[in-house]
Amino acid sequence: MVIVYSDDKKLTFELLSKGSELAKGLGKKLTAVIIGKADDNLAKEYISFGADNVFIAETSIDSFKAEEYTDILGNIVKETSAETILIGSNKNGKELASRLAGKINAGCVIDSTNVYLKDKKLTAERVVYSGNAIAVEQFNSKPCIVTVPSKVFDPLKKDGGRKGEIVKKKIEVEKSASKILKVQDMKTGDVNVEDAEIIVSCGRGFKNKDDIKLVDELAKVLKGKTVGCSRPIAADLKWLSEDHWIGLSGHKVKPKLYIAAGISGQIQHIAGMRDSGIIVAINKDSEALIFKSADYGIVGDLYEVLPKLTNAVKEKMG
Amino acid sequence: MNIIVCAKQVIDVSEMKVDPNTKKPILQGVPQKISDIDKNAMEEAIKIKEKHGGKITVVTVGPSDAKERIKELLAMGADEGILVSHPEKYDYHVISSLLAEAIKKIGEYDIVLCGEASIDMFSGQVGPRVAALLNIPQITYAQSVTAEKDKVTAERNMGDKAVTTESTYPVLITVTKESNEPRLPSLMQILGAANKPINDWTADSLTSGLNPMVDTVELKGISMERKNVIYQNDLDESVSKLVDSLTKEGVLR
Ligand SMILES: Cc1cc2nc3c(=O)[nH]c(=O)nc-3n(C[C@H](O)[C@H](O)[C@H](O)COP(=O)(O)OP(=O)(O)OC[C@H]3O[C@@H](n4cnc5c(N)ncnc54)[C@H](O)[C@@H]3O)c2cc1C
Ligand SMILES: Nc1ncnc2c1ncn2[C@@H]1O[C@H](COP(=O)(O)O)[C@@H](O)[C@H]1O
C-alpha cells in the first residue's frame with residue numbers, strides 16, 4: 001500500500017499525483033488518509049484526484065500534536081500494511097514524519113524534490129548543503145517515509161467519475177503530556193511568492209518597517225506586486241509575515257526577475273532564490289556576497305537607488 | 001535540572017565549492033564548525049541552568065576531530081561532553097538511535113535540546129526521531145522557551161501559525177535561530193574548558209547491529225553561474241543602465 005497524508009488539501013492533491021504513479025510502479029493501491037472529522041466530501045475529492053481508497057481516522061483530538069498524530073498514523077500504517085508513506089512537507093508534516101520514522105523504525109527523507117523507483121527501490125532526491133548539492137537517497141528497507149513540499153508535483157486532472165472506497169475508523173490514542181495553550185494565525189492574506197513572476201525583496205538594510213514601502217512601490221511598477229524578504233525581516237523583526245520569507249528555511253521561489261535590496265546574500269537566502277531567472281542586487285557594500293549571486297547589481301544606498309529605479313522603470317514601461 | 005544538548009559538527013557550507021569538472025561538491029578541506037542553531041540550543045540550556053541549576057551534557061555523534069567543536073560548547077558553559085563514534089555507514093536512523101541510546105545511558109534528564117535543523121542537511125529529523133525513541137513529548141521550532149520547576153512553555157513558529165505549547169518533563173525541544181543570541185566564551189572560559197571531561201563512547205558499546213535504512217547513492221553538485229554585471233559610480237547612470245539591461249533581458253513588460 002502507498003499512503004499519502006497532509007493537513008493541507010492542495011498539497012494532498014499533489015502527493016496523490018506522485019502517489020498514484022508510485023503505486024502503479026509498485027503494483028499497489030493508493031490510500032489517502034484524513035485525520036480528524038469524517039469529511040465525506042473531502043474524501044470524494046481525494047478519490048477524484050487519484051486515491052483508490054480513503055482512510056478516515058476519526059478522532060476527538062482537535063488540534064495537531066505530533067505525538068498523538070504519530071500514534072494515529074502509526075496505527076493506520078499497521079492496519080493498511082503501508083510500505084510507502086508520502087507526507088506533505090509543512091512544519092507539522094515534517095515533525096510528524098520524523099517522529100513516525102523513529103516510532104516505527106523506518107527510513108525517512110525530508111523535503112524531497114523528486115521521488116521515483118530505481119531498480120525497484122524507492123529513491124528520493126533532496127537539496128543539501130544549503131543548495132550546493134542534490135543528494136540521491138535510496139531506501140533499502142521498508143516502510144519508507146518521504147516528505148514533499150508544496151508545488152513540487154502537479155496534481156492530476158480531477159476526474160469526478162473515479163470510484164473508490166471510503167473507510168472510517170475511530171482511533172483513540174494516548175494523550176500526550178504536552179498541551180497546546182494558544183494558536184495564533186500569522187498569515188496576512190494572499191501573498192504567494194512561490195507563484196510570483198517578479199519579486200522584490202528586502203533585508204536588514206532597511207532601517208524601519210515603514211521603509212518597506214520602497215520595495216512595494218518598485219514591485220507595483222514592475223507589475224510584480226510581490227514583496228519577499230530575508231529571514232530576519234520575518235522571523236526576528238516580524239515586519240512581514242512568514243509568507244514573504246525566502247530561503248532555506250522559508251519559501252523557494254523561481255520568478256523571472258528577483259530583486260534583492262539590502263540583503264547580504266548569505267547562502268541560506270540564496271538557497272531560496274537561486275533558481276530565479278534574472279537576479280538583481282542593490283547593496284551599499286561593494287563586497288557584499290549577494291553580488292556574486294547576481295546577474296546585475298547596483299552598489300549604492302537603497303534609499304537613493306530604489307526611488308530612482310522605481311521612476312526609471314515607470315518611465316520605461318509608460 | 002539535567003539538560004542534554006545534541007550538537008552536530010558540520011562543514012561550513014558557505015565555504016563549499018563545486019568541482020567545475022566533475023560537478024561534485026568538494027567536501028574535503030572545508031572548515032568544520034558546530035551547526036549554527038545547535039549553539040542556540042546550547043545557549044538555551046545555559047539560561048535554564050542559570051535559573052534552575054543542574055548539569056549540561058553535550059552529545060555529538062561524529063568523527064574524532066569533533067572533540068575540538070565540543071570544547072567550544074564546554075567553553076560556552078556545558079559541564080561535560082560525550083563524543084559517540086558512528087559506524088562507517090550511517091543515516092538518520094543510525095544517528096538518531098545512537099543519540100537516543102547515549103541519552104538513555106546518561107540516564108537522568110529533564111530536557112533534551114536540539115537545533116530546529118542542521119545547517120548542512122537541514123532536515124529537522126533528528127529531534128522528533130529521538131523524542132519518539134525516548135517516548136517523550138516534543139516541542140519543535142521553539143522561538144522562546146520559559147522553563148519552570150515542573151513544566152516548560154514554548155512559543156513556536158509553525159509558519160502560518162504561532163503555537164504556544166506547554167509540557168511537563170522530560171521533554172525534547174528544538175529551538176530556532178531567533179530563540180536567543182549565543183554567547184561568546186571569554187578567554188578564561190576557553191582555558192577552563194580544557195579541564196572539563198569529554199567521554200568517548202563507541203557505537204558498539206551503546207547498541208549493536210545498526211544499519212542505515214537509506215543510502216546516499218549519489219551527490220550531485222549544483223553550481224550557479226551568474227553574469228555579475230555590477231554598476232557602481234554615478235547612480236543615475238547605474239539606474240538607467242540597469243533598466244536598459246533588464247529591458248534587453250525581456251523581464252520588463
Ligand atoms: C539554519 C539557518 C537557516 C536560515 N534560513 C534563512 C532563510 O531561509 N532565508 C534567509 O534570508 N536567511 C536565512 N538564514 C539567515 C542567513 O544566514 C542570514 O543571516 C540572513 O539572510 C541575513 O539577512 P539580511 O541579508 O537581510 O541581513 P544582513 O546580513 O544584516 O545584511 C544586510 C545587508 O544590507 C546592506 N545594507 C545596509 N544598509 C544599506 C543601505 N542603506 N542600502 C543598501 N544596502 C544596505 C548591508 O551591506 C548588508 O549586506 C538562515 C540561517 C541559518 C543558520
Ligand atoms: N550527528 C549528530 N550529533 C548530535 N546531534 C545531532 C547530530 N545530527 C543532528 N543532530 C541534532 O539534530 C538537529 C537537527 O538535525 P537534522 O535532522 O540533520 O536537521 C541538529 O540541530 C542537532 O541538534
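Analyst: In sorting lining residues, Ala, Val, Leu, Ile, Met, Phe, Trp, Tyr, Cys and Pro count as nonpolar, Asp, Glu, Lys and Arg as charged, and the others, Gly among them, as polar. The model is a predicted one. With those classes, the lining of the second largest cavity divides into 3 nonpolar, 5 polar and 1 charged.

User: Which residues line the second largest cavity, and which element gives the largest share of the lining?

Analyst: The second largest cavity has a volume of about 40 Å³. Its lining is made up of A:Tyr5, A:Ser6, A:Asp7, A:Phe64, A:Gly88, A:Asn90, A:Asn92, A:Gly93 and A:Leu96. The largest share of that lining, 3 residues, comes from α4(A).

User: How many cavities of 30 Å³ or more does the structure hold, and which elements each supply at least two residues of the lining of the largest cavity?

Analyst: The structure holds 2 cavities of 30 Å³ or more, and about 40 Å³ of space lies in the largest cavity. The largest cavity is lined by A:Lys94, A:Glu95, B:Glu116, B:Ser123, B:Gly124, B:Pro128, B:Thr140, B:Tyr141 and B:Thr174, a set that divides into 2 nonpolar, 4 polar and 3 charged. The elements that each supply at least two residues of this lining are α4 (91-104) of chain A and β9 (138-147) of chain B.

User: Turning to the second largest pocket, which strand gives the most to its lining?

Analyst: About 1400 Å³ of space lies in the second largest pocket, and its lining of 50 residues has A:Tyr129, B:Lys8, B:Tyr90, B:Asp120 and B:Met121 nearest the centre of the pocket. By class, the lining residues divide into 25 nonpolar, 14 polar and 11 charged. The element that gives the most to the lining, with 4 residues, is strand β14 (residues 214-221) of chain B.

User: Which strands stand at the edges of the open sheet of 6 strands?

Analyst: The strands of this open sheet, with parallel pairing, follow the order β13(A)-β12(A)-β14(A)-β15(A)-β16(A)-β15(B). Each edge strand has a single partner strand, so one side of each is left without a neighbour in the sheet; these are β13 (226-229) of chain A and β15 (229-231) of chain B.

User: How many bridges join strand β14 to strand β15 in chain A, and what is the bridge partner of A:Ile259?

Analyst: Strand β14 (residues 257-261) and strand β15 (residues 278-283) of chain A run parallel and are joined by 5 bridges. Within β15(A), the bridge partner of A:Ile259 is A:Val280.

User: In chain B, is strand β6 mostly covered or mostly uncovered?

Analyst: Of the 253 residues of chain B, 55% count as buried. Strand β6 (residues 55-61) of chain B pairs in the parallel sense with strand β1 (residues 2-6) over 5 bridges, and 5 bridges also join β6(B) to strand β7 (residues 80-84), again running parallel. Among the bridge partners are B:Lys55 for B:Asn2 and B:Glu80 for B:Thr57. With 6 of its 7 residues buried, strand β6 of chain B is mostly covered.

User: Does A:Ser17 count as buried or exposed, and what distance separates its C-alpha atom from that of A:Asp275?

Analyst: A:Ser17 lies in helix α1 (residues 9-26) of chain A. Buried means under 20% relative accessible area, so A:Ser17, at 13%, counts as buried. A:Ser17 and A:Asp275 are 258 residues apart along the chain, and the separation of their C-alpha atoms is 24 Å.

Notes
Residues numbered from 1 in each chain as written. Chains lettered and ligands numbered in written order. Predicted model: local features only at pLDDT ≥ 70, side-chain atom pairs only at ≥ 80, totals over all residues. Heavy atoms only, no water. 1 Å grid on protein atoms, 1.4 Å probe; cavity = no way out; pocket = protein on both sides within 12 Å on 5 of 7 lines; lining within 4 Å. Points joined across faces, edges and corners; volume = space filled by probe spheres on them. Pairing = 2+ DSSP bridges. Buried < 20%, exposed > 50% of the residue type's maximum accessible area, 1.4 Å probe, protein only.
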